[in-house]
Amino acid sequence: MPGEPQVVEQPLGRSLTRASDKAVAHDARVVNAGDRIFYLTTRALACCVMALAFLLVADLFRGSWEAIRQFGLKFLIGTTWDPVARQFGTLPTIIGTLVKASIALLLAIPISIGSAVFISFYIPKRLRPVISYPIELLAGIPSIVFGLWGLFVMVPVIRFIQIWLKAHFGWFFLFDGPAVYGVGVLSGSVILAIMIIPIITAISRDILLTVPRAQIEAMLALGGTKWEAIWKVALPYARIGLVGAVILGLGRAIGETMAVTMVGGNSFDLVHSLFDPVHSMASQIASEFTEATYSLYVSSLIYVGLVLFGITIVISLLAQLLIWKLSKGKVAIFE
Amino acid sequence: MSNENYASAEKRGGEELRAPARASETASNKARLEIHGLSAYYGKTRAVSNVSLSIQTKRVTAIIGPSGCGKSTFIRCLNRMHEVTPGALVEGRVLLDGEDLYGPGVDPVEVRRKVGMVFQKPNPFPTMSIYDNVVAGFKLNGSRDRRVIDGKVEESLKMAALWEEVKDALYKPGTSLSGGQQQRLCIARALAVDPEVLLMDEPCSALDPIATAKIEELIHELKETVTIVIVTHNMQQAARVSDYTAFFYMGELVEFGVTSKIFTNPEKHQTEDYITGRFG
Amino acid sequence: MTSDPMPQISTHRSGLRYLRRKSIEWVACVGMLLCTGVTVFFLLTILGYVLYHGAASVDWEFLTALPVPAGESGGGIANALVGSAMVVALAALMAVPIGMGAAVFVNEFPGAGLGRFVRFLAEVLTGVPSIVVGLFAYALVVRPLGSFSGLAGSVAYAFIMIPIILISAHEAFRLVPVSLREASLALGVPKWRTILWVVLPVSSRALLTGVVLAVSRALGEAAPMLFTAFGNPFWNLNLRKPIATVPLLIYTYATGPYEDWHRKAWAASFVLLVFVLVTSVLTRAFLRGKADE
């Protein structure tokens, strides 16, 4: 019964679960002592992974318990973060995180989907790696390097742009902020966008390459232009996977720490303009954790970590759900 | 193949019986498509070499031959779909009503509007409803008036003999239909653009016999309005549906003529071998 | 034929609708070219900057000397290089058996709901932010032991590496042909030997690639080191004490006030980036070598 790996890929249908239960029975009915030991060992290691995951959640709850008892869910809507007064609320950082991640997505989606389409449909097959491999490399660059580059190269440029924008369009609320820092929401969003563009591009390209030629050719044969075939056929065909790619990018943008810590700013105020240097959840933990002097402070920071974890898990589950739907959808299309 | 079918094919072809077998001798006012010295390549491999023939207006022309003989490549050249494949190349001329499809400044997009195509496997767009599938091509150029589009959907589905089966389910996905219905949906989609020529690349190869019979019946009706070129590996099918038949072998056109003649009294020895099942 | 207007095709071409469609197509094409250009532009500027700025300050002393007190010139990052290597090596020692073993279970005993769940869990765990992993290791190791330590850093890195190794190993096992196992099983070889002697060797290249990618990913992570390994300006080979690592050193130096530190941050980034790029290129070549066989 070793060769049925495809069972794993199947959606969790009722009948399939039955069939695989039989497989378990078969596997468990091990005659050979070696096989029995092997089964138990690998099972133990698999349980290890599960245990680590549960331990992670348990530890986050244990670490933040003091803050949870003290502030409860009001922590999420509290706008004061005052270590001296022992008063903690994390709404501004949650908003700061979401605002930066959203702007990053707005910047990244058109650029990365555009690049993916160009690579998949406009570049000859032989030349594809020449463009797409470097983009994959960009995805592998450590975030600390993005942070360093952002701090010393990008922030001065953004500061220049911000000062100009404020001088000419300062009446517009988004540009009515402290422009001279350079560090802030705009810088944080741009560096996040640069970091997630290669991720979204690489996944989208893989997905677009799975669009059947017959689909594209059908549109061409109807007298459609290449762009019409892409826009009306290929992109809709791949839409679920593309949304999945974007969600993975969003997850990365929300959880990203170092680069945002370095260029995103570190104040606790609510965001008012694009130039405000406000904390993200990750950057707040990173910059204050080792300076937290009493246990409620530490506990509050871990609470922030728990919230961050919760948000990324929801996003991750969403992406998994889409992938699951995608595999289900494929069955329907090729039946 | 029944005798009746055979006889009727002969009768239909009656007035054209004297139609010469070679394109060069054909009167051009009767030919919708004229192909002169057409060769097609994949990279350096030549799939079609130096083919000349003419396709008669509102008749069905079948292309037969063993697999790999270049018949599919040949019809993909007739609406410039061949060049969509990377590394593909075409030489020669294809005249649609006297105009070279490969002439300078001719846009393949416009060519494909005039010369429609139905593929081997039904390929309705899975993200679109039946309704949207039918007018996917029409909407690119045609009217945007809802009533005009509604009319077009009904007209095309009726032409493709699908209307009665789907008129109450127009907004279901195109992929919810059976294989044969999907293929007729693809035919409706191609007809909605009002092509002058309809190319069919083995349209029944993925279908069961009943669905195949329906498509063949449809082809009979369609030739009232459009010129049809059909590629098939099924000789009985070619004999049943076509007025003219071209036999391809190893990328070359071996013989072209009235279907009844090709199947009863072929001139070339190779054609006879193929028809009688001695190879292929 | 040359000058004669084309009767049907050309009449349509002058239509406004046609012009509109053609210009949309043209604009879209240029737009996508620009998108690709922007992506590649950022890649080149970032790589170029780090390689150009960094290479200038990397020399033998930088790689072999210890850091000097701020304000003095010279010195290097030898302690961080060794520290990173030690922390990651220990992490790999923990992560490889767990990740691979779990992957074997997931692949070989697919009937168990547990296997499917573990695989799903691995996908989810890859999305856990690295700063949260740091908090986890802090609570798990630093608090009970009462001190920042290289060990805590290793636990954090291992946590990052396990899902990567698990997923890549599972994908590698899946590619082993069923016929190969059946051939072995048909000879009467027990399943565990078949797996260890047939399945693992056949997929060894892909397994190694997965481990190398996990190592290279972990090596660049600074966030989980902030409150685990913590950093240490001195020489330290004891994993129970705070220890310096390269990415954290870059952070400290980059956010510090001295010009010389900034220079060293670029140089350390250069070292890190070269390592990541070289492993990436090598593993790719390695995998391709397999395809050629």
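This is a predicted model: local features need pLDDT of at least 70, side-chain atom pairs count only at pLDDT 80 or more; totals for chains, interfaces and linings use all residues.

Author: T61(B) stands opposite V229(B), a residue of strand β8(B). T61(B) and V229(B) face each other where β3, residues 60-64 of chain B, pairs with β8(B) in the parallel sense over four bridges.

Consider β8(B) itself. The strand covers residues 227-231 of chain B and is mostly covered, five of its five residues being buried. T227(B), V229(B) and V231(B) point one way, while I228(B) and I230(B) point the other way, and all are buried. In a regular strand the side chains alternate between the two faces of the sheet.

β8(B) also pairs with β7(B), in the parallel sense over five bridges. Here V231(B) of β8(B) is the bridge partner of D201(B).

Helix α8 of chain B, residues 179-191, lies across β6 and β7 of chain B and runs at about 170° to β6(B).

These pairings belong to an open sheet of six strands in chain B, whose order is β6-β7-β8-β3-β9-β10 and whose pairing is mixed. Its edge strands are β6 (115-118) and β10 (252-258) of chain B, each of which pairs on one side only. On average, neighbouring strands of the sheet are turned by 15° against each other, direction ignored.

The sheet may now be placed within its chain. Chain B contains twelve helices and ten strands. Of its 280 residues, 51% are buried. Among contacts in chain B between residues at least 6 apart in sequence, 68% join residues at least 24 apart.

Among the residues of α2(C) that are buried are M32(C), F42(C), I46(C) and V50(C).

Chain C meets chain A through 83 residues on each side. The largest share of the side of chain C that touches chain A comes from α2(C), with 18 residues. That side of chain C divides into 58 nonpolar, 14 polar and eleven charged residues.

In chain A, helix α11 (residues 239-255) has 17 residues and reaches 24 Å from its first C-alpha to its last, close to the 24 Å expected at 1.5 Å a residue. Of the 17 residues of α11(A), 14 are buried, so the helix is largely enclosed by the rest of the structure.

Finally, consider the largest nonpolar core, which has 275 residues; M161(C), I165(C) and I250(C) touch the most other members. Helix α7 of chain C, residues 150-174, gives the largest share of this core, 17 residues. Leaving aside neighbours within four places in sequence, I250(C) is in contact with I144(A) and L148(A), as well as with A222(C), A265(C), A268(C) and S269(C).

Note on methods:
Residues are numbered from 1 along each chain as its sequence is written. Chains are lettered from A and ligands numbered from 1 in the order in which they are written. Two strands pair if DSSP finds at least two bridges between them. Helices (H or I, at least four residues) and strands (E, at least two) are DSSP runs, numbered from the N terminus. Axes are lines fitted to C-alpha atoms, for helices over the stretch in contact, and angles run from 0 to 180 degrees between N-to-C directions. Two residues are in contact if their C-beta atoms, placed from the backbone, lie within 7 Å. A residue is buried if 20 or more other C-beta atoms lie within 10 Å of its own, exposed if 12 or fewer, and partly exposed in between; C-beta atoms are placed from the backbone. Ala, Val, Leu, Ile, Met, Phe, Trp, Tyr, Cys and Pro count as nonpolar, Asp, Glu, Lys and Arg as charged, and the others, Gly among them, as polar. The expected span of a helix is 1.5 Å times one less than its number of residues. A nonpolar core is a set of buried Ala, Val, Leu, Ile, Met, Phe, Trp, Tyr and Cys residues joined through C-beta atoms within 7 Å.
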